[in-house]
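Have the sequence and the 3D view open as you read.

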Amino acid sequence: MSTHDHTEEHHTGLRAYAAVCLALFVLTAVTVYVAKFDFGDFNIVVAMLIASIKAAIVALYFMHLKFEDKLTWIYALYPLFLLFLLIGFTIMETFTRVPVIK
Amino acid sequence: MSSTAEHAESHAHGHGLGDAVTHNAAKFGMWLFLGTEILLFGGLFAAYALFRAKYPDLFYESHKKLDVTLGAINTIVLIFSSFTMALAVSASQKRNRNWLMILLSVTFICGAAFGVNKYFEYSAKFHHHIFPDTNIFFALYFMMTGLHMLHVFVGMGIIFALIIMAKQGRFKEGNRYTPVEVGGLYWHLVDLIWIYLFPLLYLIG
């Protein structure tokens, strides 16, 4: 499955795409509904979890990542690792600063 | 499974190795570019994370001024446009020119609808004297949605070019449909970024 020539069709038909689209609509409704409740610090965790499920569905099915080779997967996931470093270390650095002048 | 070379050579339409390799290389190149796009927005996401952690109350109070209904409608519009774009790629693979043009047009119209919606949203904000310099939340709101809007416009330009190419018969039997698939990848990324912007800005602040 690692190599494709361009005439090989992705195994996703109208029905499957419609189901994917419907799932994304439902998840959008869920995230709007869930936002009405206050989970404190977990608000952002819940919202990002639902958004990431939606993003994964878009990437896997609409963008055909499911049918892509390993190299494409690596290059699709690598930026997410860099993003993790960027956001993670920015936050860590900011909140562990020792005030010099106070 | 045979290698790409054997596969392409034995292929019924008689395409050379070049076509299959070009197709895969173009797709891979787009994935690489999308990686840089994620990091472009990543800088703004990092800024958002930082300032939200520093000023949670300001973010909470400010986000309530955004219209969740308009944001949700735009989310649905963009997801639907991704759906029609995915179908357009299918239609191009099946060499169905009429459906390809219809589906690309629907995708284009969805992009335009998103833009119109956003225009009303921005107007309402300006009307209430909310500007990018109002506070850090709105600075990020205008910057992130503005940069995203720019991507929607670029995507619409690509889709418009694809419609013209389809009209000229560029994706007929025997021709590559690579531009449709690669253009589709770009459009899906625009949807993907909005999937994160919507909850971050409209729902939780």
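Start with B:Thr22, which you'll find in helix H2 of chain B. Bear in mind that what you're looking at is a predicted model. For a sense of scale, look across to B:Gly157: it sits 135 residues from B:Thr22 along the chain, and the two C-alpha atoms are separated by 23 Å.

Now for the contacts between the chains. Here 45 residues of chain B are in contact with 38 residues of chain A. On the chain B side, the elements that give two or more residues are helix H1 (4–9), helix H2 (17–54), H4 and H7. H2(B) provides the largest share, with 16 residues. By type, this side of chain B divides into 28 nonpolar, 14 polar and three charged residues.

What about the partner? Chain A has three helices and zero strands, running α-α-α from the N terminus on. Of its 102 residues, 22% are buried.

Next, the largest nonpolar core, which holds 65 residues. In soluble globular proteins, nonpolar side chains tend to be buried together. The members of this core that touch the most other members are B:Ala88, B:Leu104, B:Ile193, B:Leu197 and B:Leu201. Both chains take part: helix H1 (14–34) and helix H2 (42–62) of chain A each supply at least two residues, as do H2, H4, H5, H6 and H7 of chain B. The largest share, 18 residues, comes from H7(B). Zoom in on B:Leu201 and, leaving aside residues up to four places away in sequence, you'll see that it touches B:His63, B:Leu66, B:Tyr141 and B:Met144.

B:Leu104 brings us to H5(B), where it is one of the buried residues, along with B:Leu100, B:Leu103, B:Thr107, B:Phe108, B:Cys110, B:Gly111 and B:Phe114. What do the buried residues of H5(B) pack against? Their partners are helix H4 (68–93), helix H6 (136–167) and helix H7 (178–204) of chain B.

After H5(B) comes B:His129, with a positive phi near 60°.

How values were computed: Residues numbered from 1 in each chain as written. Chains lettered and ligands numbered in written order. Predicted model: local features only at pLDDT ≥ 70, side-chain atom pairs only at ≥ 80, totals over all residues. Buried ≥ 20, exposed ≤ 12 C-beta atoms within 10 Å, placed from the backbone. Helix = DSSP H or I, 4+ residues; strand = E, 2+ residues; numbered from the N terminus. Contact = placed C-beta atoms within 7 Å. Nonpolar A, V, L, I, M, F, W, Y, C, P; charged D, E, K, R; others polar. Core = buried A, V, L, I, M, F, W, Y, C linked by C-beta atoms within 7 Å.
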